[in-house]
Amino acid sequence: MRIAVTGSIATDHLMTFPGRFADQLVADQLHTVSLSFLVDNLDVRRGGVGPNICFGMGQLGGNPILVGAAGYDFDEYRAWLDRHGVDTGSVRISEVLHTARFVCTTDKDHNQIGSFYTGAMSEARLIELKAVADRVGGLDLVLIGADDPEAMLRHTEECRTRGIPFAADFSQQIARMNGDEIRTLLDGATYLFSNEYEKGLIESKTGWSDEEILGKVGHRVTTLGSRGVRIERVGEPAIEVGCPEEEAKVDPTGVGDAFRAGFLTGLQWGVGHERAAQVGCMLATLVIETLGTQEYTLRRAHFMDRFTKAYGHEAAAEVKSYLS
């Protein structure tokens with residue numbers, strides 16, 4: 001099963017200011033702010049929903065196809081992804097723009113000042129999925145993740161036109177999208193991914209009820225934070241899967257991407273939705289225990305021990321044959 005993952009490709013530049021922003025702001029001079037903060041450290045992390053999901057699938061042996069746009073500074077990031085089982089042959093490289101970048105400074109009170117540079121991400125709208133499908137011998141599923149909004153719309157329409165099953169996953173872009181755009185992106189999706197808050201926002205913006213939306217997609221997959229995930233389909237009982245016990249809670253960034261990676265890999269293996277969701281929850285737990293979205297290591301024996309403890313020997317026996 002060949003799965004392509006479209007989505008943003010970015011790097012995060014995270015800095016820490018040892019003081020308080022509030023102490024540097026003069027109330028009657030806010031209209032002419034000019035400040036520079038001397039920071040203590042700089043942490044550069046690989047990010048973007050596309051690579052985050054693909055990295056997790058690569059760790060599980062899924063051989064995902066990354067589709068997105070990056071800048072001429074992408075070489076080192078590409079090498080990292082290639083080394084971890086990701087097919088980067090369909091990444092568009094801009095000749096003039098840098099890879100998208102999030103630059104953020106956090107003060108001692110955990111207040112943040114940040115900027116997001118879209119850069120090469122804007123060129124994702126120029127990618128044609130037919131070229132990707134021709135290169136790899138066809139596509140069985142395309143996950144359309146948060147990306148340049150025009151790219152998301154184009155990929156969705158192309159999937160419909162060419163009869164390629166697709167999964168809708170708006171995540172960060174849902175806040176800027178209007179009801180018409182969201183209705184276009186989800187109608188006919190094989191899978192609709194969201195968290196609980198996004199679920200409500202989708203219903204509010206589209207004007208469609210939960211039941212109406214469920215009737216327009218094959219499956220609705222809703223992550224529930226520490227409570228796990230719920231999978232719904234018209235005419236069938238909902239499937240609910242809990243999360244494994246955490247060994248530590250270090251950083252929640254990228255947890256949703258990791259769940260998607262495990263779930264999609266489970267689909268590739270051909271296991272049922274419950275089992276695929278269990279794989280996703282286990283992978284998400286590894287990420288929440290790690291600082292950074294692609295800094296975890298999947299050790300097979302350790303993964304299976306914890307998976308067995310969380311979901312039992314029968315579930316583990318089915319997954320182990322693929323994970324090995």
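Student: Which strands does helix H6 lie across, and at about what angle does it run to E10?

Tutor: The model is a predicted one, in which local features need pLDDT of at least 70 and side-chain atom pairs count only at pLDDT 80 or more, whereas totals for chains, interfaces and linings use all residues. Residues are numbered from 1 along each chain as its sequence is written, and side-chain values use heavy atoms, with hydrogens and water left out.

Helix H6 (residues 196-206) lies across E10, strand E11 (219-223) and strand E12 (229-232), and it runs at about 115° to E10. Helices (H or I, at least four residues) and strands (E, at least two) are DSSP runs, numbered from the N terminus. The angle is taken between N-to-C directions, from 0 to 180 degrees, with axes as lines fitted to C-alpha atoms, for helices over the stretch in contact; contact means heavy atoms within 4.5 Å.

These strands belong to an open sheet of nine strands with mixed pairing, in the order E5-E4-E1-E8-E9-E10-E11-E12-E13. Strand E5 (87-93) and strand E13 (239-241) stand at its edges; each has a single partner strand, so one side of each is left without a neighbour in the sheet. Two strands pair if DSSP finds at least two bridges between them. On average, neighbouring strands of this sheet are turned by 20° against each other, direction ignored.

Next to consider is the partner of E10 on the E9 side. Strand E9 (residues 166-168) and strand E10 (residues 191-195) run parallel and are joined by two bridges. Here Ala168 stands opposite Leu192 in E10. Helix H1 (residues 49-59) also packs on the sheet, where it touches strand E1 (3-6), strand E4 (65-70) and strand E8 (141-144), and its direction makes about 150° with that of E1.

Apart from its neighbours within four places in sequence, Thr222 is in contact with Ser194, Asn195, Glu196, Lys199, Gly228, Val229, Arg230 and Glu232.

Finally, Ser171 lies in the loop between E9 and helix H5 (179-186). Its phi is near 35°, a positive value in a residue other than glycine, and Ser171 counts as buried at 15% relative accessibility.

Conventions: Buried means under 20% relative accessible area, exposed over 50%, partly exposed in between (1.4 Å probe, protein chains only).
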